[in-house]
Amino acid sequence: MVVVAWLLAGCTRNPGDAARDEQAGQATQAREGIVTISGDDAISESLTWRPPAVQVPPDDADGARKRAEAALEAGNLAADADSAIPLLLALSKQAPDDKQVRDDLQRALLAVVARGDAALARADDDIAALREAHQMAAVARATDGDDEAVVRYLERIDQADTLWELNRDGERALAGGRYGEDGGGALAKFREALALRPGQPRAMQGLAATESAMIRNAEVAAEQGDFDTAKHWLGAAAKVRPEMSTVPDAVARIERMRGARIARLRDLGVAALAQPDGIATARRHLAGILLIARPGDPVAADLRERIDLAEHYGQFRPGQQFTDGLEHGARGPQMVVVPHGGYRMGAEPGDADAEDAERPQHAIRFDRGFAMSITEVTVGDYRRFINATGRKTRAQRRGYSMAYDERSGNFARVSGVDWRSDYAGNPADENLPVLHVSAKDAEAYAAWLSEQSGHRYRLPSEAEFEYALRAGSRTTYPWGEGSPPRDAGNFTGERDRSPTGRHWNNAFAGYGDGYWGPAPAGRFAANPWGVRGLAGNVSEWVADCWHDGYRRAPMDGTVWLNPGCRTRVVRGGSWASAPEQTRSSWRAPAGVDSTNGRIGFRVVREI
């Protein structure tokens, strides 16, 4: 407790009288209602004023009156024995009925009140001004405590003291972090002060400071990524001064902080996806976004999609088309990314043309997409491989292949036919699907692409081929049922004619595609997944060994191999296939060394 005794005019304090003075001060407080303010910013424990003893000889009354009036005019009210009030009090004792003295004393008293009010006007945040106001109160009370002006002034003093204590307590609570968002604390003190005096500047400043502290807490929480806590503090701050724009401005700032943090986490997630085994790291960044993002946040959705795509496609996207550069300077076949997913492989129930080898229908699931060449490998593609490697194909080594004989309408062994030949044994155009290649010739090409590109190329598995052929369909043919729509592909059509006018005995009714023999690769429209020619044009080698049915077939769509198998699977209809051989589930066996004018191949690339 800080104790300061204000002894104005003629009183002294001796250190040895401390106990007696303290007791006297307490008695005065009890008797006169002196305000006590404690703490480091205390005004005093007791503010009292006792007029100094002034002796006015009877023959000097006029002189004392003149000295008092001069002191009053000079504003010397109560400083010492020569001040106006001590002189006038002494004169009033000598002449209680002297009207002039009474009037002068009233003027002096009002001057004390005016000086005190002037100090009170500065006392909201000025302890020295409040002390001065208390000094004037002590003088006024000792002069005439019953005067109406003094009584009202003392009430104003009491209010000022209460305001000071409320604001001081509020400021201490604020400094201690006791804001009172849930009741009590700084807010309660400042609001109590404002209830006592609406608009009081110090209390208003206290409210603003409390609001600012809450907003700062919200910003600190947001900087640490704790937006739930930030929301709590912003909600509390919004109740402090709801008429102000401070909190909405802070909300906008914190939303920008949220957006910046989300964007940063998204960038870190995207960067992680470019690294080996970075999906787990990207998922952690996504989890961080989801903790702070609003429901449906587009940045979170974007990163989630990127993670899903990376998990299923690496750096690719479903439907994306690309080619790989090769070491010798050319580029590989144009590829398209087939979407991951699942389907039921094999003949549909009720398919009257289905064979036992197409059953049982079974579920296949691809957890990762793959890329498939958009068209069959062409003569030009294969020529680059032969030129680079000098390979001699199976047909070249044995000197013949099975080619179409227009005179008989059948396939026959023809000498000198190999990969450079068309379906009839004539020189083939560069853009035609390569024919007269064995399964091993096809695999050699895929192995060369792998070596040249640094990526794994291979023949498709049987499950991959049917999956891409169906492209989501569950019907007998990829296009549905019955004859294909116009320009759907190169199939045996009722309207097709050979160079000498031959026609098909078993063909799709009403259909014609303008070709007898294979069409240039990619001539007809792509299926929904961007692949062309799977259902027709040429049948194609796949990597699987032949099995008489699907019992014990892999469920993940991988290649079904047996060591040393000599019979492979051929999938997809050709330009010369009967309609039942164009069905989505159709499959046939072929010797691994077989070559003819109906079978080509395409490749897949792992991603």
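Mentor: A helix's expected span is 1.5 Å times one less than its number of residues. Keep that in mind as we look at this predicted model.

Trainee: Happy to! How far apart are the end C-alpha atoms of helix α10, and what span should its residues give?

Mentor: Helix α10 covers residues 246–273, which makes 28 residues. At 1.5 Å a residue, these should span 40 Å. That agrees with the separation of the end C-alpha atoms, 41 Å.

Trainee: Now aspartate 513: which side chain of opposite charge is nearest, and how far away is it?

Mentor: Aspartate 513 sits in the loop between α16 and β11. Aspartate 513 is buried and has no salt bridge, a contact that would need a distance within 4 Å. The nearest side chain of opposite charge is arginine 523, at 8.2 Å.

Trainee: Which backbone nitrogen of tyrosine or phenylalanine does the side chain of aspartate 513 reach, and at what distance?

Mentor: There are two to name here. A polar atom of the aspartate 513 side chain lies 2.9 Å from the backbone nitrogen of phenylalanine 491. The side chain of aspartate 513 also reaches the backbone nitrogen of tyrosine 515, at 2.9 Å.

Trainee: And glycine 346, is it buried or exposed?

Mentor: Glycine 346 lies in the loop between β5 and β6, and its contacts include Glu358, Tyr550 and Ser585. Its relative accessibility is 0%, and buried means under 20%, so glycine 346 counts as buried.

Definitions and conventions: Residues are numbered from 1 along each chain as its sequence is written. This is a predicted model: local features need pLDDT of at least 70, side-chain atom pairs count only at pLDDT 80 or more; totals for chains, interfaces and linings use all residues. Side-chain values use heavy atoms; hydrogens and water are left out. Helices (H or I, at least four residues) and strands (E, at least two) are DSSP runs, numbered from the N terminus. Buried means under 20% relative accessible area, exposed over 50%, partly exposed in between (1.4 Å probe, protein chains only). Lys and Arg count as positive and Asp and Glu as negative; His and the chain ends are not counted. A polar contact is a pair of N or O atoms within 3.5 Å; within protein, one must be able to donate a hydrogen and the other to accept it, and residues adjacent in sequence count only if both atoms are side-chain atoms. Contact means heavy atoms within 4.5 Å. Lists of a residue's contacts leave out its neighbours within four places in sequence.
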